[in-house]
Amino acid sequence: SSPTPSICGLPLKYVSLVTLAVQNAALTIIMHYSRVSAAPSQTYSAAAAVLLVELLKGTISLVIAFARLDSYAPQYLPNGLQVSSSPWNPWALLGRFHRLGKEVFRPDCWKLAIPAILYVIQNNLQFVAVSNLEAATFQVTYQMKILTTAAFSVVLLRKKLSPVKWLALLLLAVGVGIVQIQSGGHKTPTAQDMNAFKGFMAVTAACFTSGLAGVYFEMVLKNSPGDLWVRNVQLSLFSLLPALAPIVFSSQTGSNPTTGLISSSIFANFGVSAWATVLTQVLGGLLTALVIKYADNILKGFATSLSIVISFLASMALFHFQMTVTFALGSVVVLVATWMYNQPDCSFNETPARSCRR
Ligand code: C5P
């Protein structure tokens with residue numbers, strides 16, 4: 001992976017991994033609360049939230065890409081000197097916008113269409129899943145994305161997995177299975193409107209899109225030139241159409257026939273918890289991009305497994321989530337599997353420092 005910049009002397013790689021773990025735990029709790037705290041007819045539109053996230057993430061990425069333009073797309077004078085002009089000169093500003101436009105709409109920008117569509121589907125599925133499963137159950141079951149990420153890494157990135165890693169993946173599937181058994185039988189008082197089967201189907205599908213989109217994004221980022229923030233802008237641009245589609249075709253909202261504008265009711269019931277969900281997702285998207293760039297999808301899996309413990313403890317305190325022996329057992333198996341998966345592969349014939357690889 002690329003050399004990592006640092007924040008206050010700490011490598012961005014680790015700062016982003018730890019922040020992602022905390023963000024993941026917070027997101028599950030906030031998102032779950034935002035969905036179950038109101039009656040289904042009083043809740044906000046998940047599709048509108050997904051669209052807002054893409055708009056905000058895209059705007060932030062655009063501002064960063066604009067500010068960093070000279071570092072990845074420098075402009076030179078005929079004598080080889082780099083162009084330097086006042087940032088407030090209108091012509092220079094226009095020139096910068098033009099250069100940024102050329103970067104964003106470079107011929108290979110279409111590569112981001114695939115992960116963009118997959119992520120929009122995944123982000124919508126996530127809402128279905130958290131609305132129908134306990135926060136902690138969702139968190140543990142969503143770890144199955146390590147399995148799909150591994151499978152897509154083997155197929156698309158031609159990664160080789162050691163027998164220990166395959167064993168860890170098998171253990172992961174077993175752990176998730178154990179957690180599923182417990183959530184079928186037991187319901188907390190807040191779980192009246194939940195449909196566990198629907199939740200599991202949504203989370204399973206989200207694991208597939210997560211693995212494929214993550215590996216595809218890593219492939220584009222590491223196998224072709226292009227600034228991370230420009231790639232993020234492209235990702236958000238390609239997300240807009242699929243994110244808008246469910247809003248336009250939804251029976252409750254849609255466009256106003258006289259004004260042609262999308263009805264303002266798409267933002268109905270957007271309270272504090274809905275906004276908190278959107279902002280936490282924006283942060284998560286930006287952190288995910290940093291982690292994929294400076295670490296990889298496998299380390300990202302490790303960071304998110306840490307979030308199980310965090311969100312599990314918070315879930316007990318906030319939602320009176322009751323731990324059963326099967327849930328605890330399943331969670332421990334998932335954590336052990338994740339730890340095993342993240343151990344460096346060692347060959348005993350050579351010196352460990354040389355032969356161990358992640
Ligand atoms: O669950 P998973 O880790 O796959 O979720 C990744 C999340 O990060 C998705 O919500 C996706 O929209 C977001 N993302 C992003 N920008 C990237 C990569 C992922 O916003 N470059």
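Which residue caps the N-terminal end of α9? I looked this up in a predicted model. Asn195 is the cap: one of its side-chain oxygens lies 3.3 Å from the backbone nitrogen of Phe197.

**Entry on α9.** I checked the length of this helix next. With 28 residues at 1.5 Å a residue, α9 should span 40 Å, and its end C-alpha atoms are 40 Å apart, so the two values agree.

**Entry on the whole chain.** I counted 14 helices and two strands in the protein chain. Of its 358 residues, 47% are buried. I then took the contacts with a separation of 6 or more, and 82% of them join residues 24 or more positions apart. For the accessible surface I noted about 17800 Å², with 69% of it belonging to carbon and sulfur atoms.

**Entry on the cores.** I looked for the largest nonpolar core and found 57 residues in it. Tyr72, Phe127, Phe138, Phe217, Leu228, Phe270 and Val278 have the most contacts inside this core. I listed the elements that give it two or more residues; among them are α1 (12-36), α5 (113-132), α9 (196-223) and α11 (272-294). The biggest giver is α9, with ten residues.

Leaving out residues up to four places away in sequence, Phe127 touches Met31, Arg35, Tyr44, Ala46, Ala49, Val50, Thr277 and Gln281. I also found a second, separate core, which has 19 residues, including Ala150, Leu172, Val179 and Ile298.

Key
Residues are numbered from 1 along each chain as its sequence is written. This is a predicted model: local features need pLDDT of at least 70, side-chain atom pairs count only at pLDDT 80 or more; totals for chains, interfaces and linings use all residues. Side-chain values use heavy atoms; hydrogens and water are left out. A nonpolar core is a set of buried Ala, Val, Leu, Ile, Met, Phe, Trp, Tyr and Cys residues joined through side-chain atoms within 4.5 Å. Buried means under 20% relative accessible area, exposed over 50%, partly exposed in between (1.4 Å probe, protein chains only). Helices (H or I, at least four residues) and strands (E, at least two) are DSSP runs, numbered from the N terminus. Contact means heavy atoms within 4.5 Å. The expected span of a helix is 1.5 Å times one less than its number of residues. A polar contact is a pair of N or O atoms within 3.5 Å; within protein, one must be able to donate a hydrogen and the other to accept it, and residues adjacent in sequence count only if both atoms are side-chain atoms. Accessible areas come from the Shrake-Rupley method with a 1.4 Å probe; for residues, only the protein chains shown count as cover.
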